Each structure stands twice: as structure tokens, then as C-alpha cells.
2 protein chains.
Amino acid sequence: MRRIPAYVWLNGKVVQSTRAQVSVFDRGLLYGDGLFETVRAYRGRVFALKEHLERMGHSARALGYRLPRLDWEKGLRRLLAANGLLATDASVRITVTRGTAPPGLLPPPRPSPTVFAFALPVPPNLARDQRRGIAAACVPFSRLRALAAHKLLDYMPAITARRLAAQAKAQEAIYTDRGQILEATTANVFCVRGGALFTPPLDGALPGVTRQVVVELARAAGIAVHEQPLLVDEAESADEIFLTSSVVEVLPVVRLNGRTVGTGSPGPITRQLQRDYRQFVDQAPRG
Amino acid sequence: MRRIPAYVWLNGKVVQSTRAQVSVFDRGLLYGDGLFETVRAYRGRVFALKEHLERMGHSARALGYRLPRLDWEKGLRRLLAANGLLATDASVRITVTRGTAPPGLLPPPRPSPTVFAFALPVPPNLARDQRRGIAAACVPFSRLRALAAHKLLDYMPAITARRLAAQAKAQEAIYTDRGQILEATTANVFCVRGGALFTPPLDGALPGVTRQVVVELARAAGIAVHEQPLLVDEAESADEIFLTSSVVEVLPVVRLNGRTVGTGSPGPITRQLQRDYRQFVDQAPRG
């Protein structure tokens with residue numbers, strides 16, 4: 001049962017959710033003109049916050065604005081505390097919009113961004129999905145590739161893709177363009193073929209923080225990693241497939257487009273990277 | 001100088017803009033999960049409101065929700081009055097989101113939509129642009145074609161396209177896909193070739209209310225109208241090009257991709273349809 005969490009972090013203050021409001025002239029609402037990040041908090045420790053804020057700041061600058069200066073770490077910790085999530089695993093969604101401005105397609109010259117964040121317990125089925133794997137289905141469209149580097153607010157492509165996936169009895173959808181795998185709606189995609197990892201390049205995929213960690217962990221473990229265009233056909237005949245994101249971490253895909261992937265169970269390289277990722281998270285410094 | 005208007009119509013009430021706020025858990029803000037319409041008000045008379053609300057209602061149903069029952073006509077008239085716009089020409093943007101719900105990609109089973117509208121005077125340069133025509137530039141991407149029928153909140157493709165157009169010294173951008181013209185960022189596209197009108201079919205373009213009116217006016221004037229795929233090459237060599245939307249009505253394009261269109265001035269069919277459209281608006285019943 002999904003619920004609205006009790007407290008929100010809004011423009012630097014923890015406030016009750018009933019009071020967490022933004023102007024109808026916020027450009028995030030009027031035009032989808034904003035960015036978000038989802039980070040994981042492991043018993044109150046927010047993992048890789050710096051990397052997520054760097055990506056968000058990079059996108060904001062590319063789009064012509066800047067993140068406000070805030071004590072993000074302290075703010076998110078107070079948010080977790082207010083919602084009783086310090087002792088458990090949670091996901092935290094951070095949203096930054098270009099802020100409130102007079103209406104008009106072109107952005108204002110001096111934007112004053114809106115920032116808010118909320119935290120939720122991790123989905124109850126996640127541990128089971130990580131152990132058993134999920135089904136995924138390819139959809140014949142993608143987010144706008146010219147903006148694929150940015151984690152923009154608009155999730156209608158994702159909602160549409162997930163709905164099509166659900167019709168195909170799959171939990172996650174993978175965007176494709178002219179027969180090439182790009183990314184999943186909320187994760188990056190990896191395949192294992194002949195003992196090596198393959199993942200699509202970043203011209204049509206979000207530069208995932210978890211994607212980068214997994215690439216580095218794989219290389220440290222002596223596994224070759226190839227960032228190169230990946231055809232749907234190649235994915236369908238791969239030995240293993242997995243998805244990466246802050247929330248799902250390393251999530252096996254055991255069915256793709258109705259076909260069994262490999263043996264139908266999470267493969268050895270996927271399981272190794274799941275262990276390595278958890279170990280990396282456990283050893284990472286705070287913040 | 002753009003300004004935030006003084007009053008907003010929010011969930012059935014006219015309120016001061018400073019008090020017009022929505023929850024940060026509104027799905028319009030979190031996911032771009034909402035729709036909008038822009039209608040014209042001619043001295044307090046809202047034109048074709050019924051058609052706009054029908055389109056919006058159709059999209060909402062296709063996406064799994066319904067527009068709330070409101071006295072839209074009376075509400076918008078009170079909005080115009082509160083903002084001192086009864087005696088002038090204005091544009092009114094109506095926004096409907098799927099409303100506030102617990103976070104999650106999949107929509108809630110029983111949504112409670114948020115509705116708000118604001119009104120602005122028409123842009124001061126519009127009359128000049130209608131008389132002289134504007135420059136447009138094609139961009140090699142489009143909105144998500146699977147959702148092209150719906151006027152969704154996400155305007156990042158439009159903002160990106162307009163930015164590229166501005167770099168090419170053009171005021172408006174035209175989305176294309178594999179060499180085919182689809183639509184402009186805020187308008188439909190028509191070409192005149194050999195005395196006939198050509199406009200792209202609706203599999204990649206918004207079903208514009210003004211587009212439909214113009215098709216009917218043209219046919220009533222004995223001008224053939226062909227809804228068929230339109231190549232960029234064909235548009236570049238057209239005798240006339242114009243855009244249609246509630247705000248710009250019939251807007252001549254006199255330069256496309258840096259090339260002069262026809263004689264470089266608005267052509268005879270464009271000018272005739274501008275006159276016919278204004279006459280149709282003047283004679284239309286209220287509401």
C-alpha cells in the first residue's frame with residue numbers, strides 16, 4: 001500500500017507533507033522543466049550523494065541554471081529522521097525545478113530553483129526480485145535522445161512503456177531505437193556474453209551512477225566491459241542480463257520479450273556483481 | 001516584460017496567484033503526468049472551449065482518468081474579469097494533472113485531478129508576425145510519437161527545439177522524423193503547393209482545434225486539403241507555409257531552414273485563410 005510520506009524537505013526545511021506546496025507557476029509543473037535524482041539510504045547513510053548531485057548539477061548547467069547551495073547531506077538526514085527511516089533501507093527522491101517564473105516557453109534569465117525531497121521505504125518485493133530476477137520487455141521508442149543525459153521530470157514515456165511492458169507480463173520496459181537497446185525506464189541495461197559485459201553507450205542512456213560503479217567493479221574483478229551499441233537480438237541471446245540503478249542496485253533479468261534469458265536464473269556474473277556492489281556500498285564512506 | 005498574472009483559477013475558485021499552490025506530490029510536478037490546453041479569449045469570449053475540453057477529456061480518458069465536473073465557462077470568465085482581460089484579447093492556459101497521490105510510476109486507481117488556469121494578454125508582436133510572417137527551422141527529433149495525440153505537460157523537447165531554432169535565427173521549430181514534417185512545437189504545419197493544402201496526418205501531430213477549423217474553412221472555400229506525409233524537401237519548395245494554433249491563429253512562415261518560402265511574403269491562400277479564420281471567430285457563438 002503506497003502512502004504519502006509524513007514529511008518533505010522543501011527549499012532547505014523539513015515540513016509536513018500537507019504544507020509542502022509549490023506555485024502553479026513553477027516551471028517543473030507547467031513545462032516539466034526540472035530534474036530529479038533517486039538515491040538509496042542504507043540505515044540512514046545516503047549512498048553516493050555527491051555523485052548524484054554532480055550529475056544533477058551538470059544537467060542543470062547544461063540547461064542553463066544552477067543547483068542552490070544547501071546542506072544536502074544534513075537536510076536529507078533530517079528528512080529520514082522525521083519520517084522514521086534512519087534504521088531501515090530507503091530511497092530518497094530529490095527534485096529540482098527551474099522554479100517559479102512568469103509563464104513562457106523560454107526560461108527566465110535569473111531562475112530561482114525549487115528543491116524538494118521525500119523518502120520512502122524500499123519496495124517490499126525488491127529483495128525477492130534481486131534474488132529471482134524479473135521479466136523485461138523492449139518497447140520501440142525512447143526518451144528524447146538529445147536529452148537522454150538528463151534525468152528530466154517527464155515520465156510519460158516511462159509510464160507508457162511500463163504499461164506496454166505490463167501487457168506483455170513484464171515488470172520493466174527497455175527503450176529501443178532502430179533495433180538498439182538504449183536503457184530501461186528507471187535503470188541502465190547490461191548483458192553478459194562470453195564472460196564479458198556489454199552496455200549501450202551514453203548517447204541514448206542516462207549516465208547512471210550505479211552503472212559507473214558496476215563498470216568499475218567489473219573491471220576490478222577482471223571482467224571485460226564493452227560500452228558499444230547493443231542490438232535487441234544480441235540481448236535476447238545473451239547469457240545474462242541485468243539492470244542497474246540506485247534503487248534496484250544490480251537486478252537480474254531472467255526473461256526478455258517472452259524468452260528465457262540464459263538458464264532462466266540469475267547467472268554467475270550477475271550474482272558476483274550483486275555481491276561486489278553490496279560490499280562496495282557497505283565499505284563506502286558516509287555521504 | 002513577462003509577468004505572473006494576479007489571479008489564477010484553481011480547482012474551481014479564483015485565487016490570488018501567491019496562494020495558487022499545489023502539493024509537491026502532484027503527479028503533474030513529479031512525473032509530468034498531466035495535460036494542458038491553450039485557448040484564445042476575444043474580448044472576454046473564449047473561443048472553441050468545448051472543442052478544447054473535448055480533446056483534453058479524450059486524452060485524459062485514454063490515459064486513465066477523467067476531467068472534473070466544473071463550470072469551465074463561468075470559471076474562465078471570472079478569471080478573465082479578475083485579471084482585467086475582458087476588454088482585450090487574451091490566451092488562457094488550462095492545466096489538468098492526474099492530481100496528488102502517493103509516489104510511484106504507476107497511476108493511482110482513483111485519481112483526484114488538479115485543475116488550474118491562468119490568462120495572459122496575447123504577445124505584443126503577434127499582430128506583426130501574422131502580417132509579415134516568421135522564420136521556422138526543422139529539428140531532427142519529435143515528441144514521443146506514441147503520445148503525440150495528447151497535449152502533455154512535458155515541454156523539454158519544445159524548449160530544446162526552440163533553442164536550436166533560435167541558433168538558426170528562427171522563431172519556431174518544426175519537429176521532424178526521418179525527413180518527414182510532423183508539427184511545430186506549439187502549432188500544426190500546413191504547406192500550399194499548386195493551390196492545394198498539405199498537412200501531416202495525425203500519427204505524429206497533435207489534433208489541433210485550429211488545424212481542424214482551417215481544414216474545414218479551406219474546403220468550404222474550394223481549396224483541396226490533403227492530409228498525408230509531408231517531406232522536409234516538399235515543405236522547403238512549397239509556395240506557402242503557415243502554422244495554426246489557438247494563439248497564433250494562421251501564422252505565415254516566410255523562411256524555412258534559412259531559405260525563402262515562395263515570394264518571401266505571406267501568400268494569397270495564407271492571407272485568405274487568415275481572413276476566413278478571423279471571420280469565423282467573430283461569427284462563432286459564445287463559449
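How many bridges join strand β3 of chain A to β3(B)? In this predicted model, three bridges join the two strands, which run antiparallel. Strand β3 of chain A spans residues 21-23. At A:Val22, the bridge partner in β3(B) is B:Val22.

Contact involves 56 residues of chain B and 56 residues of chain A. Together the two chains bury about 4,700 Å², with 71% of it on carbon and sulfur atoms. On the side of chain B, B:Arg2, B:Leu29 and B:Leu105 lose the most area to chain A. These residues together make up 15% of what that side buries. Polar contacts do cross between the chains, in 13 residue pairs. Several elements of chain B give two or more residues to the side that touches chain A, among them β1 (7-10), α1 (27-31), β6 (89-97) and β7 (114-121). The most comes from α5(B), which gives seven residues. By type, the residues on this side are 33 nonpolar, 14 polar and nine charged.

Salt bridges were then examined over all chains. Side chains of opposite charge can pair when their charged atoms come close. The whole structure holds 31 salt bridges. In chain A, A:Asp33 meets A:Arg27 at 2.8 Å, N to O. Both A:Asp33 and A:Arg27 are buried. A second pair, A:Arg162 and A:Glu172, meets at 2.9 Å, N to O. A:Arg162 lies in helix α5 of chain A and A:Glu172 in strand β9 of chain A, so this pair ties together parts that are ten residues apart in sequence. Both A:Arg162 and A:Glu172 are buried. A network of salt bridges links A:Arg40, A:Asp89, A:Glu249 and A:Arg278.

In chain B, B:Glu249 forms a salt bridge with B:Arg278, and the closest N and O atoms are 3.0 Å apart. B:Glu249 sits in strand β16 and B:Arg278 in helix α8, so the bridge ties together parts that are 29 residues apart in sequence. B:Glu249 counts as buried, at 3% relative accessibility. B:Arg278 is partly exposed, with a relative accessible area of 33%.

One residue of helix α7 was also examined. B:Val232 lies in this helix, which covers residues 232-236 of chain B. B:Val232 has a relative accessible area of 15%, under the 20% limit, and is therefore buried. Beyond its neighbours within four places in sequence, B:Val232 is in contact with B:Cys138, B:Thr176, B:Gly179, B:Ile181 and B:Asn257. B:Pro268 is 36 residues from B:Val232 in sequence and 22 Å away in space, C-alpha to C-alpha.

Methods. Residues numbered from 1 in each chain as written. Chains lettered and ligands numbered in written order. Predicted model: local features only at pLDDT ≥ 70, side-chain atom pairs only at ≥ 80, totals over all residues. Heavy atoms only, no water. Contact = heavy atoms within 4.5 Å. Buried area = accessible area lost by both parts, 1.4 Å probe. Polar contact = N/O pair within 3.5 Å; in protein donor to acceptor, adjacent residues only side chain to side chain. Helix = DSSP H or I, 4+ residues; strand = E, 2+ residues; numbered from the N terminus. Nonpolar A, V, L, I, M, F, W, Y, C, P; charged D, E, K, R; others polar. Pairing = 2+ DSSP bridges. Buried < 20%, exposed > 50% of the residue type's maximum accessible area, 1.4 Å probe, protein only. Salt bridge = Lys/Arg side-chain N within 4 Å of Asp/Glu carboxyl O.
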